[in-house]
Amino acid sequence: MADDRESTHEPAAERFAVDSIEADVALVESESGRTFEIPAAWLPADAAEGRVVSLSVQRSGAESRLICTVDHQATEERRRRVRAKLDKLRSRRNR
Amino acid sequence: MRRACPKRSLHERTTSRFGLAARVPLRRASSEHASFGSTLLRPVLLAIAILLLAAAAPVAAEPLRVHFVDVGQGAAVLLEGAEGNVLVDVGQYGDAAAYLDQAGIEEIDLAIATHAHADHIGGFVDVFESVEVHRIWYNGQEHVTLTFERFIDAVLESEADYHEPGRGDRATFGELSITVLHPEGSAADYHGDLHDKNIVVRADYGDFSILLPGDAEADVERSLVERYGGELDSTVLKMGHHGSATSSSGEFVKAVAPEVAVYQAGADNRYGHPHDEAIARVSSAVAEEQIYGTDLHGTVVIESDGTEIDIVLETGPGDAAPAALAEQACIDINSAGPEELTEIIHIGEARAQEIVELRPFDSIDDLTRVPGIGPARLEDIREQGLLCPIDN
């Protein structure tokens, strides 16, 4: 149903991690761990493997648009978390 | 790194899921080996050569079995040796673990995760749950997927020794040795393409050798050729990156000069693997009928005692069935459904549909009416032995 509010962003509904991009196919992974092969053209130009993208809905009057952007904060959080685990493995290697 | 194989002979054994089997001799050794054989004929060197060969190329009591496990669109290679099992990548899901279970493999002495893409490491969670992994090599590069994080969690929860290997690192299990050719060392601080620092290994077993480049692409292949040149020469090449055109570059294929090539790709995958360009480049070194793919042949197993190899297609532990069942199981080209038709070699979904539309077929030779099926593929279909005879 049409919404006559001012332009708004809904809260980000879902984040996807970009596992790989090859030619015109991207493999992305949802927050539940499911993977999907999608056209790479659906991703923003600055998306690359190893980055997290967020999908959000932008509403402007009666129209809604799906917005996909690179989520730098989520990307860095994931990297930090994985780095800590890899560091833990490396320290175990030397025990 | 490779010695010439003085008495190499190759055999192909095609085994359907119902246990039908045939053995077909493949071509003799390459020109390099023929040349080496000529040297042996020189009378002065003959006695010395025999002694050297006896020492240099022992025939192992137990063959090495290299399983290119059909994991769909992904990669998983098991090297099953008498004194150690090595697993290189595991696909994305549970197929590799299921295969190990069926094969009765309970321990992996060395697991190698070539790089962080899901289609190579996703299956490790199941592998760590089902078998004991003693040692694991990973290049150390970070990735942001949950699939990758769960892989790391599985390693952390295990007792496996963890190592980020570099060029020249080696592990040996009796006659089987694994040597790292790339990358130069840990990729922990590397933030570029995940394929750039993909772990490339070479396995040697007597005079048998196999090059496993994972998803290494042309740039890495070029650096390998510059560093190792003709030393890359290997009996078997696993085509890089699922047979993508980004890999199996001409100079690399020339340096490896394989006698057999295998790629791992899912049937009708969205990436178009294997790419025709890659197959064409590999075909410059290997007869096309000696290029095997998991999309066409299912799991491919190469057995070698160090002096000769057998190739077993569409195999799987416990897949043999009574002969009576095998006889009933032939595929009637004039009545089988499209899905059943795709069990035939070289028949994907598109060709299966063409076959349905072009019926009836008066003979198996009549299959050449199907676009893309020529005499060579027709011969493969005959050799596979799945088709019922056609009565006129």
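Predicted model: local features only at pLDDT ≥ 70, side-chain atom pairs only at ≥ 80, totals over all residues.

In helix 9 of chain B, which spans residues 276-283, the buried residues are Ala278(B), Ile279(B) and Val282(B). Why do they lie on the same side of helix 9 of chain B? Because they cover an arc of only 100 degrees around the axis. The cover over the buried residues of this helix includes helix 8 (250-256), strand 16 (260-263) and strand 17 (291-293) of chain B.

**Chain B overall**

Some totals before going further. Chain B has 14 helices and 19 strands. It has 392 residues, and 56% of them count as buried. The chain exposes about 16000 Å², with carbon and sulfur atoms supplying 50% of that area. Take the contacts in chain B between residues at least 6 apart in sequence: 66% of them join residues at least 24 apart.

**The seven-stranded sheet**

Next, the sheet. Seven strands of chain B form an open sheet in the order 11-12-13-14-15-16-17, and the pairing is mixed. Which strands are at the edges? Strand 11 (170-173) and strand 17 of chain B, each of which pairs on one side only. From one strand to the next, the twist averages 15 degrees.

Strand 11 of chain B runs antiparallel to strand 12 (residues 176-182) of chain B, and the two pair over four bridges. Within that pairing, Thr172(B) is opposite Ser177(B) of strand 12.

Moving along the order, strand 13 (residues 200-205) of chain B is joined to strand 14 of chain B by five bridges, again antiparallel. These two strands form a hairpin with two residues between them. Gly206(B), in the turn, has a positive phi of about 60 degrees. Tyr205(B) is opposite Phe208(B), which belongs to strand 14 of chain B.

Is it mostly covered or mostly open, and how many of its residues are buried? Strand 14 covers residues 208-212 and is mostly covered, with five of its five residues buried. In a regular strand, side chains alternate between the two faces of the sheet. Here, Phe208(B), Ile210(B) and Leu212(B) point one way, while Ser209(B) and Leu211(B) point the other way, and all are buried.

Strand 14 of chain B also pairs with strand 15 (residues 236-238) of chain B, in the parallel sense and over two bridges. In this pairing Ile210(B) is opposite Val236(B) of strand 15. Strand 14, helix 7 (residues 218-228) and strand 15 of chain B make a right-handed β-α-β unit. Where does helix 7 of chain B lie? It lies across strand 12 and strand 13 of chain B, and runs at about 110 degrees to strand 12.

**A residue in a loop**

Last item. Ile373(B) is in the loop between helix 13 (349-358) and helix 14 (375-384) of chain B. Is Ile373(B) buried or exposed? Ile373(B) counts as buried because its relative accessibility is 4%, and the cut-off for buried is under 20%. Apart from its neighbours within four places in sequence, Ile373(B) is in contact with Ile347(B), Arg351(B), Leu367(B), Thr368(B), Leu378(B) and Ile381(B). Of these, take Ile347(B): it is 26 residues from Ile373(B) along the chain, and their C-alpha atoms are separated by 9.0 Å.

That is the end of my part.

Methods:
Residues numbered from 1 in each chain as written. Chains lettered and ligands numbered in written order. Heavy atoms only, no water. Buried < 20%, exposed > 50% of the residue type's maximum accessible area, 1.4 Å probe, protein only. Pairing = 2+ DSSP bridges. Right-handed = clockwise from strand over helix to strand, strands pointing away. Contact = heavy atoms within 4.5 Å. Areas by Shrake-Rupley, 256 points an atom, 1.4 Å probe, with all protein chains shown as cover. Arc of directions from axis to C-beta. Axes fitted to C-alpha atoms, helices over the stretch in contact; angles between N-to-C directions.
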